[in-house]
Amino acid sequence: MIGRAPRWPTIVLGVFGFIWIIPIVGIVMTSIRPLSETARGWWRTDSFTLTLSAWQRVWEAYPLAPAFVTTAILAALATAGTMLLTPAAAYAFHFLKFPFRRLLLIIIINAFVLPQQVVIIPLFQLWRELGLIDNFLAVLIPYVGLSFAWSIFLVKNFLEDFPTEVVEASRIDGAGPVQTFWHIVLPNSLSSVFATGILQFLWTWNALLLPLLYLRTNVPLPVILARVNGTYELNWDLQSVAAIVTTVVPLAVFLIFQRQFAAGAETRTGAKD
Amino acid sequence: MQDSVAPESAGARAGLSSRLPGEQSNLLARRRKAGDWPAAWLLLTPVLILFGIAVVFPLIDTIRLSFFDIKGLAKPKFIGLGNYLKLFTDPAFRNTLVTTLIFTVSTTILSVGLGWMLAMVSAFAPRQTLPFRVMIFAAFGISEAVAGYMWIGILRPDAGGLLNAAIGLFQPGFAQPWLGDPRTALWVLIVAASWGGVGLPLMLCFASVQSIPKTLFEAAYIDGASHGQVMRNIMMPLSLPGVRVAIFINLLGALRAFDIIYILTGGGPVRSTETVGYFMYRESMTQFKLGYGAAATVVLLVAVLVVSIPAIIQRTAGAR
């Protein structure tokens with residue numbers, strides 16, 4: 001662009017930016033002020049007291065701490081599963097030849113359009129028959145299984161630019177396909193594997209529908225938030241703390257890796273242009 | 001001869017077989033083909049098993065179940081198209097279809113329209129507007145469940161709700177139960193869902209505008225074009241690829257929406273905010289009409305496939 005940037009775009013974006021964070025400011029304020037002050041609006045300043053009372057009481061009121069641990073375990077296991085299995089499959093699809101390769105690839109990379117709603121009835125019946133309801137596997141299997149629809153596409157796209165000569169050289173030197181994957185391809189495609197991991201981590205941390213249906217005792221944070229939200233108690237301060245605890249980790253991860261996320265979400269849900 | 005050994009794109013992809021002449025290449029390729037088999041299956045088996053359980057089986061089974069009448073634990077009864085006939089005579093479901101259409105189209109227009117406009121505006125001052133773009137994008141990083149909770153606070157029916165308080169400045173004592181009134185619930189749900197949805201179109205369209213060659217802008221400004229003309233004649237048409245992707249992502253996201261509806265309205269009041277994706281949950285998981293819910297899921301699936309046809313064609317053609 002020529003010359004100095006005009007000022008009006010900054011003003012327009014500034015107005016929208018501040019409007020956009022009002023809901024976030026709202027729950028933060030509600031969580032650090034006494035209920036009596038925020039009952040008629042968290043923005044009112046007739047009297048203004050800061051208190052961490054809600055932050056101290058919430059752990060007794062709601063099972064937030066165990067839910068946090070559950071969420072972290074589920075997200076970590078699902079992320080590890082996706083990060084371990086995806087590159088192997090992407091490598092096989094990209095560099096190896098075997099029957100039905102293209103057919104399988106087409107089926108897997110197009111499955112990204114499927115909504116989660118498709119899995120819930122069949123898996124509900126299957127888990128009930130196998131006695132897996134309330135078992136972490138009941139959500140971990142669909143978390144990891146569903147992720148392949150976008151993760152393999154993402155890593156395979158990365159491999160398109162991988163120098164074929166290097167792979168061929170390794171094969172001529174006598175390395176088998178698995179060795180070539182482990183020693184040559186995997187170490188050089190870690191950036192795409194980590195991008196996959198970040199997306200999977202955010203998705204599983206925030207997941208509500210599957211754990212809502214398949215878990216009962218140890219449930220992750222979004223399910224706890226849904227439960228306390230449905231109680232109609234006037235606990236705005238405690239509920240706001242629960243909401244912040246639910247979202248603080250994924251939001252931090254998201255903001256740190258936002259660039260990769262915008263690029264990843266594009267390949268995850270959309271076509272590459 | 002070569003083709004039978006190294007099918008389809010092997011020549012271009014694998015490089016080797018096309019570079020070595022004659023016999024030697026043939027031999028190598030044949031050895032490779034045989035050698036690849038076990039390794040490929042070894043690497044793929046866990047993926048295929050999990051994908052089979054989590055995607056292929058549920059997909060086929062949902063379609064199968066949609067032809068059965070299933071009540072609780074009793075034996076399923078085959079009823080052919082019975083569930084579908086019932087769906088399309090069920091006023092609640094027909095209402096759901098309309099709600100889905102309004103919700104999907106409105107959230108997409110709001111998110112993509114606003115995101116696109118803001119992307120073009122910020123392209124005039126990319127560096128100065130960066131912090132504000134991050135603020136808008138941050139809403140996209142907040143899970144739907146938490147976003148729903150935040151909006152409950154804004155939409156509270158009393159004067160403690162920000163929206164009522166803001167309107168109350170001009171109209172003292174204003175108190176609208178936004179979420180409790182069937183006439184307003186769907187529209188505030190759409191606003192809440194779009195709040196988180198603007199960030200991604202903003203980023204995609206911004207990247208799209210940024211990739212326009214700078215010389216085009218320079219030429220336009222030298223010819224005396226105004227900002228408005230540059231926006232209308234250069235940025236809008238040339239950022240369309242990004243807009244298309246954003247529209248598609250938003251349509252898919254709106255069709256599969258569940259979390260924010262569950263938290264914010266639970267489909268109510270009087271089922272006025274139930275989309276097909278929520279209807280199937282309600283019928284199958286709270287009313288235990290599994291076959292009926294499966295039929296609704298198939299309807300959702302058809303809608304998703306119709307929206308996805310261009311993307312599927314593109315991906316299938318690009319799958320090498």
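Visitor: Which residues have the most contacts inside the largest nonpolar core?

Guide: This is a predicted model, in which local features need pLDDT of at least 70 and side-chain atom pairs count only at pLDDT 80 or more, while totals for chains, interfaces and linings use all residues. Residues are numbered from 1 along each chain as its sequence is written, and chains are lettered from A and ligands numbered from 1 in the order in which they are written. A nonpolar core is a set of buried Ala, Val, Leu, Ile, Met, Phe, Trp, Tyr and Cys residues joined through C-beta atoms within 7 Å; a residue is buried if 20 or more other C-beta atoms, placed from the backbone, lie within 10 Å of its own, exposed if 12 or fewer, and partly exposed in between. The largest such core has 170 residues, and those with the most contacts inside it are A89(A), A242(A) and A296(B).

Visitor: Which helix gives the most to this core?

Guide: Helices (H or I, at least four residues) and strands (E, at least two) are DSSP runs, numbered from the N terminus. With 15 residues, the helix that gives the most to the core spans residues 137-159 of chain A and is named α7.

Visitor: Which residues of chain B does A89(A) touch?

Guide: Two residues are in contact if their C-beta atoms, placed from the backbone, lie within 7 Å. Leaving out residues up to four places away in sequence, A89(A) touches F148(A) and I152(A) in chain A. In chain B, A89(A) touches L43(B), L44(B) and V47(B).

Visitor: How many residues of helix α1 of chain A belong to the side that touches chain B?

Guide: The contact between the chains takes 86 residues from chain A and 95 residues from chain B. On the side of chain A, the largest share comes from helix α1 (residues 8-32), and that share is 14 residues.

Visitor: Why does the length of helix α10 of chain A agree with expectation?

Guide: The expected span of a helix is 1.5 Å times one less than its number of residues. Helix α10 (residues 190-206) of chain A has 17 residues and should therefore span 24 Å.

Visitor: How many residues of α10(A) are buried?

Guide: Among the buried residues of α10(A) are F201(A), W203(A) and W205(A). The helix is mostly covered, and of its 17 residues the buried ones number 12.

Visitor: Why does G267(B) count as buried?

Guide: G267(B) lies in the loop between α15 (259-264) and α16 (276-286) of chain B. Its contacts include I261(B), Y278(B) and R282(B). G267(B) counts as buried because its C-beta neighbours inside 10 Å number 21.
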